[in-house]
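Me: I have a structure open and want to learn how to read its features. Can you walk me through them?

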Amino acid sequence: MSICVLLLVTLPVNLQTQLIAGATVLFIMMVLKTLNAGGIWRLIALAFGTAIVMRYVYWRTTSTLPPINQLENFIPGFLLYLAEMYSVMMLALSLFVVAMPLPHRPERPTPKGKLPSVDIFIPTYNEDIELLANTMAAAKAMDYPSDRMTVWILDDGGTVQKRNAEKIVEAHTAEKRFSDLTALCEALDVRYLTREKNAHAKAGNLNNGLEHSSGELIAVFDADHAPARDFLLETVGYFDEDEKLFLVQTPHFFLNPDPLERNLRTFEQMPSENEMFYGIIQRGLDKWNAAFFCGSAAVLRREALNVTGGFSGISITEDCETAIALHSRGWNSVYLDKPLIAGLQPATFASFIGQRSRWAQGMMQILRFRFPLFNGGLSLPQRLCYLSSTLFWLFPFPRAIFLVAPLFYLFFGLEIFTASGGEFLAYTLIYMIVNLMMQNYLYGAFRWPWISELYEYVQTIHLLPAVISVMLNPRKPTFKVTAKDERIDRSRLSELAAPFFVIFFVLLVGVGVTVYRIYSEPYKADVTLVVGAWNLLNLIFAGCALGVVSERGDKRPSRRVKVSRRCEFRIGEKWVPGTIDDVSVNGIRIQLLGNLTDELSVEMASDVRFKTAATGEMGDLPIQVRNVRKQAGETAVGCLFKPDDPSDHRLIADLIFANSSQWTKFQLDRRGNPGLIRGTIWFFGVAMFQTYRGFAYLVRQITGRNKAEWERT
Amino acid sequence: MGTHVMKRLLATCFMTMLATMPLHAQVSPFDMSPERPAKEPAPQQEQPAAPLSPPKIAPAPPVTGKRFVIPQDSLSFSGETGEKTWAVFITEEQAASSATLSLTYQNSLIVAPEWSTLTLAINNARIINEPVQSSENAKTLTVDIPGGVLKAGLNVFKMSTSLRHRTDCDVQSTYELWTEVDPSRTFLTFAGDAAQKFRKIDDIRAIGVDAQGRTTFNLVVPAIDRIAATAPMLHLAEALAVLANMPNQAVTISPALPKEQLPGALTILLGTDEDFQGLPTALLASTPGAPAAAFVDDPATGGSVLRVRGPDWQTVTTAVASIVDPLKREIGVPRSFLSTQTWRSPNVPLFTAASRARFSELGVATRNFNGRRLRTEFAIGVPSDFYANEYGTATVLIDAAYSEDVLPGSQLNIYVNDNIAATLPITTKGGAILRHFPISFTMRHFRPGANLITMEAVLNTRSDTVCAPGTGSTSPTRFALFDTSEFIMPRFARIGIMPNLAGLSGTSFPYGRSDKPLPLIINNGGEKSYSAAATLLARMSVAAGRPLEIDPRATANSTVNKNALIVGAIPQIESTVLTQTGIAESIRAVWSDVRDVEPAADAGPGQDEFDLWRERLAGRGWRGQLAFFDEWLNRTFNISLTSFSFYPGADEPYAPEPAASLLMAQRANPAGDGVWTLVTAPTDDSLIESVTAMTQQDRWSKLDGHISIYKSGTDEIQEVPVGEFTFVPTQPISFANMRLIVANWLSGNILSFSLLLIIVSTLLGIATSRLLSNLGRRV
């Protein structure tokens with residue numbers, strides 16, 4: 001069958017036939033999409049798309065490359081060709097991965113007999129102790145026999161090496177962290193563990209934990225990833241079902257927006273970036289037994305880790321590397337598509353880029369040292385899956401090429417893509433629409449149109465040098481911990497913003513040149529129009545990116561989670577009944593019965609009392625009133641947590657992290673496929689506004705208006 | 001013809017003329033000029049704006065020894081550059097005698113004489129290099145050809161013009177430039193009697209042309225009605241045509257001797273000794289031991305007559321075979337070129353597979369050009385089973401350079417058979433060198449046989465926008481085309497289709513490659529039918545490159561499972577033949593009573609009228625919108641709504657308009673394993689007249705489709721395109737060829753491709769879904 005397709009798509013039929021066939025296929029795909037046909041129709045629609053893409057590849061390869069004797073055209077032309085072929089290859093790989101993702105696992109397996117003993121590792125380096133306290137409290141609160149689980153803080157910020165650092169300030173900080181954490185751990189009944197040296201970064205830290213513990217299973221949580229109460233019960237059962245299972249991975253759910261979501265204000269309405277990965281790609285990988293370890297929110301089997309001598313540490317992405325090592329030894333993995341932890345992600349653009357640089361560099365190292373395609377232990381589908389995951393991080397190259405390619409023509413008159421206007425319509429345009437439709441078909445509910453391109457573009461500028469440097473010096477990059485708890489208290493341009501403005505201006509000049517060329521060189525206006533449109537598209541991305549690097553000041557750095565819990569609120573000596581409405585990492589909002597505005601004042605210290613989900617006991621949590629608002633028959637009080645005892649963190653964690661189903665609900669609320677056309681219109685609207693906002697920030701940054709005025713934007 | 005030049009010429013060959021003068025006073029009964037259409041269309045694409053003045057005079061009294069050299073009835077060079085190269089065969093005797101060349105031309109008023117030249121070179125020796133300066137009247141140049149220039153055998157004549165405008169410098173002005181050479185007053189004259197005589201059979205190739213560029217073989221067959229005579233006379237006609245290989249050949253077969261010997265004509269006597277009883281004794285003289293086929297001198301004309309005789313028809317047939325046999329070529333042996341040099345030199349290479357040819361091999365020389373519009377052409381031959389019109393693209397790897405004077409907006413165009421096939425705009429300033437720069441162009445307009453590829457450079461320059469006086473030809477070279485450029489023929493699909501008159505025109509497909517004699521049906525015979533059949537077979541033999549074996553005893557019934565060529569006026573055509581070739585029976589009524597009506601006067605509402613109505617109603621209502629959309633599709637992508645049918649539909653029986661004077665139709669035979677070709681006309685007279693016209697080079701190359709009709713009144717050729725057809729495999733089955741055949745077929749059947757893509761994709765989707773359900777994990 002595939003040979004038939006191959007024969008058909010490589011027929012050198014004429015342009016007219018291609019145009020009609022392309023339009024017909026496009027139409028059918030649209031109909032299938034409009035009908036929202038799933039199941040077998042989804043694959044048929046994808047097969048249609050594949051046929052068109054393959055025709056494009058055939059045509060692109062056979063008839064559009066500039067002649068090789070014109071090196072000035074051929075070299076950039078060939079680079080562009082490679083970039084396009086990379087995109088097609090990635091499309092093919094992702095088609096393979098997500099052609100038929102595993103459906104949700106319906107029921108959690110009930111562990112047979114005795115529950116396995118679990119060591120819970122919380123590796124930390126420099127995270128805030130407050131943050132750690134919540135995570136530790138949430139971990140401790142997990143619904144699991146306490147004699148079967150041990151929580152470990154693996155502290156790399158308080159190692160002997162750090163405490164004896166040459167720089168006195170550093171040494172002092174480490175010493176203080178060591179003593180504070182030790183005390184906190186004691187209070188929360190958590191094992192504190194540190195080591196001599198900071199060797200092998202996170203992997204070394206985890207391996208140190210392995211050495212000092214003995215549980216059958218290991219659960220790993222990042223310092224800012226707090227588990228829900230049912231985390232262990234949802235996951236450990238799978239290890240009973242399959243003796244060769246080494247990993248159960250769960251999604252990372254974030255309570256705060258990433259910089260793009262925050263600055264574009266899309267967090268509440270659009271699925272997050274990582275939802276595409278956890279919502280569909282990991283499910284697709286899971287189909288091929290290739291779901292991999294993502295560093296946190298996962299349970300691993302000690303017996304398996306012992307086979308490879310613990311966590312692998314050649315690359316700076318020890319998680320994926322460990323998974324490859326175990327997969328290639330015949331161990332299996334499972335992905336559980338249910339958010340069971342909630343965490344924080346980088347808030348500022350700079351730390352976001354820092355995190356992505358680490359991923360990209362780590363994946364490049366894996367590509368270099370453990371090339372998945374030739375890894376004999378992996379099955380063929382696993383190799384393709386890992387190839388897809390690692391090669392993805394080469395995207396800065398094609399992105400950069402797509403960005404500058406039109407400029408070659410506009411500025412230097414180089415013809416790097418030889419095709420007429422008609423051919424462009426019949427092949428390229430149809431291919432592009434089909435490509436977008438396929439993406440939408442695959443990821444529609446998880447990724448809106450053009451958002452992938454925007455994410456890739458904003459990362460490209462800084463990831464490209466990072467990827468190139470790791471290619472030149474594969475062993476050089478070192479593990480850098482991503483800061484996730486920063487706050488942007490005032491609106492400003494990101495420190496990484498400058499190149500985005502430069503690129504925007506260059507592209508803008510390109511638009512000017514386009515207009516000039518159309519009028520001054522009417523004989524090639526068709527080509528100029530096509531290239532100009534391409535450049536314009538780039539300009540729209542670049543404009544939108546200006547908004548991404550314009551950091552919005554945010555009073556509420558973390559998202560509020562809706563809850564509904566009875567509580568009592570202390571006013572003076574009196575306890576007033578109320579309901580906790582929503583919770584964030586920093587505070588809560590409470591609805592109190594009756595008009596109590598007179599009795600409440602801002603800055604007032606108080607307590608809230610409620611029954612914990614973990615133990616069913618009542619607990620008192622110190623708070624401070626931040627605002628009071630009168631509503632019909634009720635009073636809404638906004639409060640900040642004021643924990644003064646480590647045990648208070650248990651109460652906070654209980655409020656936020658006790659119930660994982662609320663996170664699922666939140667995610668589902670954001671999901672929804674706006675469709676290609678509506679999504680495109682929406683995106684262009686956002687891009688226009690963000691361009692404006694980027695310039696507004698630039699102007700203010702330059703003119704240096706006073707901060708108060710800043711705040712208001 | 002009263003110019004002093006002509007007088008001098010007349011004086012030069014006075015002696016020769018004197019002897020033949022009385023004969024020339026009579027009007028030849030075989031001269032068909034009065035019946036010919038009054039005006040032939042010039043083969044050139046660009047007609048000069050003004051007609052020649054004075055208009056062509058009636059043919060001058062023929063002068064023996066005149067050897068007209070231009071193998072066409074008019075020769076016009078238009079634009080800034082013009083070139084024609086062809087070869088003229090000269091006998092040893094002619095080469096040995098001293099020769100004079102006369103050339104008559106006239107040019108348009110706006111040609112600037114000081115910058116314009118007309119050049120004639122023979123075998124690369126420049127004979128004429130004249131400023132073009134005769135806009136008032138035709139001017140005749142007469143030059144003696146230096147001894148040794150003309151050689152026995154083929155001599156390459158290369159005539160070229162370089163014309164510049166008196167005042168204007170823009171590209172548009174170049175279309176006003178023309179120079180016309182008058183073929184009826186352009187000829188060689190040889191001194192001495194020997195030059196008029198032919199000695200060897202090969203000298204037939206020196207038959208030459210008449211004042212209108214035509215060549216005529218007058219077969220004298222006293223026993224024309226004897227069955228034994230039919231095959232030898234037709235065979236001989238074919239052989240003579242293949243041997244002479246002139247572009248516009250006609251054969252007449254008559255029992256009587258022609259009254260006179262005209263230039264470009266040869267008399268051939270064919271028969272037994274008994275048949276020749278009544279002929280002049282001079283023609284009957286026999287030398288003992290002389291071959292049965294040989295030239296004899298004709299004292300009445302001073303020329304020679306080819307005599308093929310024998311004691312009986314058996315011997316005569318053998319004598320004919322002695323001429324035919326050397327021209328035979330094995331069926332399986334492909335030609336590497338089409339023999340065209342008597343009208344286009346060099347011979348056209350025949351591309352039967354992927355290959356490439358340098359411009360130098362194609363006869364295109366390196367050109368340095370300082371004008372506005374450079375045109376240069378070459379020809380490419382493709383076989384009759386060429387099946388790549390719908391999808392194919394050929395490539396020219398151009399080596400060229402243009403100076404900094406050339407402005408963007410200039411362009412290089414490629415035309416195939418005068419249809420635009422590709423445009424390469426020049427988009428950079430400051431000059432450039434193109435090294436093997438590829439220009440791909442569609443092969444849509446390729447047809448079997450020779451195809452004319454025209455390369456045109458249209459140059460807008462800075463200096464032309466200024467247009468300083470006197471910069472005409474002194475301006476520096478601004479464009480160069482190098483002969484190292486290459487033409488690249490890709491691998492193309494090869495399969496014959498039936499019917500396809502274009503194949504017949506190109507290489508006599510499918511008859512040319514059949515190893516069986518071609519059954520020929522001439523029901524009633526007679527001078528005119530035989531002449532028409534002989535002329536047609538001669539043309540087909542030239543196209544095939546070999547004399548075709550024929551079987552003149554065939555009947556419609558005996559050929560139901562064979563190929564057949566049916567020639568005759570409509571009354572002689574059997575109804576079964578009409579039905580089988582897709583012609584309506586009503587053709588008999590249409591053609592029965594309109595013979596004396598003014599041609600084309602009552603053409604009835606034809607396509608033109610329909611178009612007129614459509615134009616009037618364009619844009620009205622949704623039909624108008626649809627028509628507008630159709631037009632847009634057609635203009636932009638060459639798609640018409642008719643391309644959207646899955647099946648071409650059965651061809652309706654066709655009846656021509658009354659104005660049609662010849663109809664050629666082709667279809668499969670009743671058994672479906674051979675091709676019948678019908679050639680018919682209303683009457684015997686119009687049959688011979690129109691076949692003669694239709695077999696001339698420029699018209700023959702327009703033969704196409706399932707049916708072609710020729711209207712002598714308006715000199716128009718119309719075709720009924722091929723609808724239903726069957727494939728005729730010509731190549732051993734191979735994957736690569738099948739793939740390309742499918743590509744071409746699908747390119748012509750757009751919806752079929754879409755449908756196939758949909759079906760295959762759907763199946764792929766289903767198969768993938770099945771596969772995925774069984775592979776990997778399931779929950």
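**Domains, interface and sheets**

Reply: Start with a domain contact: 18 residues of domain 1 of chain A are in contact with 24 residues of domain 2 of chain A. Contact means that C-beta atoms, placed from the backbone, lie within 7 Å. The model is predicted: local features need pLDDT of at least 70, side-chain atom pairs count only at pLDDT 80 or more, and totals for chains, interfaces and linings use all residues. Residues are numbered from 1 along each chain as its sequence is written, while chains are lettered from A and ligands numbered from 1 in the order in which they are written.

Me: Which elements of domain 1 of chain A each supply at least two residues of the side that touches domain 2 of chain A?

Reply: Elements are DSSP runs numbered from the N terminus: helices (H or I, at least four residues) and strands (E, at least two). Here they are helix H4 (71-98), helix H19 (451-472), helix H21 (525-548) and strand E12 (550-551) of chain A. By class, that side of domain 1 has 11 nonpolar, 3 polar and 4 charged residues. Ala, Val, Leu, Ile, Met, Phe, Trp, Tyr, Cys and Pro count as nonpolar; Asp, Glu, Lys and Arg as charged; the others, Gly among them, as polar.

Me: Where are the domain bounds of chain A?

Reply: Such bounds come from an automatic or database domain assignment. It gives domain 1 (2-99 + 394-551), domain 2 (118-345) and domain 3 (561-659). The C-alpha centres of domains 1 and 2 of chain A lie 36 Å apart.

Me: How many residues of chain A are in contact with chain B?

Reply: On chain A, 42 residues meet 41 of chain B. H2(A) gives the largest share of the chain A side, 9 residues. That side divides into 28 nonpolar, 9 polar and 5 charged residues.

Me: What is the strand order of the open sheet in chain B?

Reply: Two strands pair if DSSP finds at least two bridges between them. The 7 strands run E30-E29-E31-E33-E32-E34-E35, with mixed pairing. E30 (550-551) and E35 (716-720) of chain B each have a single partner strand, so one side of each lacks a neighbour in the sheet. E32 (662-668) and E33 (675-681) of chain B pair antiparallel over 6 bridges. There, B:Ala665 stands opposite B:Leu678.

Me: Which strands form the closed barrel in chain A?

Reply: Follow E13-E14-E15-E18-E17-E16, 6 strands with antiparallel pairing. The twist averages 45 degrees from one strand to the next. Axes are lines fitted to C-alpha atoms, for helices over the stretch in contact, and angles run from 0 to 180 degrees between N-to-C directions. Between E16 (605-611) and E17 (618-631) of chain A there are 7 bridges. A:Arg609 has A:Asp620 as its bridge partner.

Notes:
Two residues are in contact if their C-beta atoms, placed from the backbone, lie within 7 Å.
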